[in-house]
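Q: I am new to this structure and would like to go through it step by step. Could we look at it together?

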Amino acid sequence: MLKKRYRKAQFIFELILLTIIFSLCILIGFESQNLDLKEADKITSIVADRGIDSERGIKGKTAKIFYIKLKDLDQRLTVFRTFRNYDALVQKINIGDTVTVYYYSYIYPKKNIDFTLLQLERNRIILIHKSEYEGKESFGIYVGIGGFIGTFLFFVYSRKKYFKSKKY
C-alpha cells in the first residue's frame, strides 16, 4: 500500500516536473521572438574579414558557421544556419564594405563563438534579417509543445496504472 502511494506520488512529481520544463522551453522560445533591434548592440564599421569556419559544440561536434570580423570590434560576429548555406553571404559581403550590424554580445567560453549576429545591413539593404535568428530560436516552442503532447499521452496511457478506482 505504501509502495503504491510512493509510486503515485513519484508519477505526479514527474508529470509536474516535465510540465515545468516544457513550459520553460516555450517561454524561452517566445522571448526570442519579435526582437527589438533597439535593445541589441549596434555598430557601423568596415569588414576586416569574413568567411566560413567550424564551431565546436558542447558535445565536441563541429558545425560550419559564417563569421564576420569588423575593424572596430575585437570579437567575431557569427551566424549559424541549419542547412549551412553560406555561399551567398560570402559573395554578398566583401572585405572593405561598410556594414551596420546588430548583435548580442554573448560570449560562449566552451565554443569558439564570440558574438551572435542578429541583423546585417549594407547601404540600408538587409543582407541577414533578424527573422532568421528568431526562426532558429523558435525551436524551443516546438520542443515545448511536443513535450506537452508527449506528457499528456504518457499521462493518459499510465493513469490506469496509478489511479485505478477501487471497487468494493
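Q: Is Ile12 buried, partly exposed or exposed?
A: Ile12 is partly exposed, with a relative accessible area of 36%. Buried means under 20% relative accessible area, exposed over 50%, and partly exposed in between (1.4 Å probe, protein chains only). Please note that this is a predicted model, in which local features need pLDDT of at least 70 and side-chain atom pairs count only at pLDDT 80 or more, while totals for chains, interfaces and linings use all residues. Residues are numbered from 1 along each chain as its sequence is written, and side-chain values use heavy atoms, with hydrogens and water left out.

Q: Where does Ile12 lie?
A: Ile12 belongs to helix α1, residues 2-31. Helices (H or I, at least four residues) and strands (E, at least two) are DSSP runs, numbered from the N terminus.

Q: Which residues make the nonpolar surface patch?
A: Ile12, Ile16, Ile20, Leu24, Leu27 and Ile28 make a nonpolar patch of about 540 Å². Patches consist of residues with over 30% relative accessible area and no salt bridge; like charges are joined within 9 Å, and nonpolar side chains (Val, Leu, Ile, Met, Phe, Trp, Tyr) within 5 Å. Accessible areas come from the Shrake-Rupley method with a 1.4 Å probe, and for residues only the protein chains shown count as cover.

Q: Stepping back, how many helices and strands are there?
A: The protein chain has four helices and six strands. Along the sequence, their pattern reads α-β-β-β-α-β-β-β-α-α.

Q: And what share of the residues counts as buried?
A: Of the 168 residues of the protein chain, 35% are buried. The chain exposes about 11600 Å², and carbon and sulfur atoms supply 57% of that area.

Q: On to charges: how many salt bridges does the structure hold?
A: There are two salt bridges; the term denotes a side-chain nitrogen of Lys or Arg within 4 Å of a carboxyl oxygen of Asp or Glu. In one of them, Asp53 pairs with Arg76, and their closest N and O atoms are 2.8 Å apart. Asp53 lies in strand β1 (residues 41-56) and Arg76 in strand β3 (residues 76-79), so this pair ties together parts that are 23 residues apart in sequence. Asp53 is partly exposed at 27% relative accessible area, whereas Arg76 is buried at 15%.

Q: What else does Arg76 do, say with Tyr67?
A: The charged end of Arg76 sits over the ring of Tyr67, 4.8 Å from the ring centre. This label requires NZ of Lys or CZ of Arg within 6 Å of the ring centre and within 35 degrees of the ring normal.

Q: Which side chains meet at 3.2 Å, N to O?
A: Those are Arg122 and Asp97, which form a salt bridge. Arg122 is in strand β5 (residues 115-122) and Asp97 in the loop between α2 (87-92) and β4 (98-104); the pair links distant parts of the chain, 25 residues apart. Arg122 is partly exposed at 22%, while Asp97 is buried at 16%.

Q: New topic: how many aromatic pairs are there?
A: The count is three aromatic pairs. Rings of Phe, Tyr and Trp (its six-membered ring) pair if their centres lie within 6.5 Å; planes under 30 degrees apart count as stacked, over 60 as edge-to-face and the rest as tilted.

Q: Why does the pair of Phe11 and Phe155 count as stacked?
A: The ring centres of Phe11 and Phe155 are 6.1 Å apart and their planes are at 20 degrees, so the pair is stacked. Phe11 in helix α1 and Phe155 in helix α4 (residues 139-162) are 144 residues apart, and the pair links distant parts of the chain. Phe11 is buried at 2%, whereas Phe155 is partly exposed at 31%. Phe11, Phe154 and Phe155 form one aromatic cluster.

Q: What is the phi of Asn123?
A: Phi of Asn123 is near 55 degrees, a positive value in a residue other than glycine. Most residues other than glycine have a negative phi. Asn123 is in the loop between β5 and β6 (125-128) and is exposed at 65%. Arg124 also has a positive phi, near 65 degrees, and is exposed at 82%.

Q: Lastly, which residues does Leu37 contact beyond its neighbours within four places in sequence?
A: Leu37 is in contact with Tyr102, Leu118, Gln119 and Lys130, where contact means heavy atoms within 4.5 Å. Leu37 and Tyr102 are 65 residues apart in sequence and 6.8 Å apart in space, C-alpha to C-alpha. Leu37 is buried at 17%, in the loop between α1 and β1.
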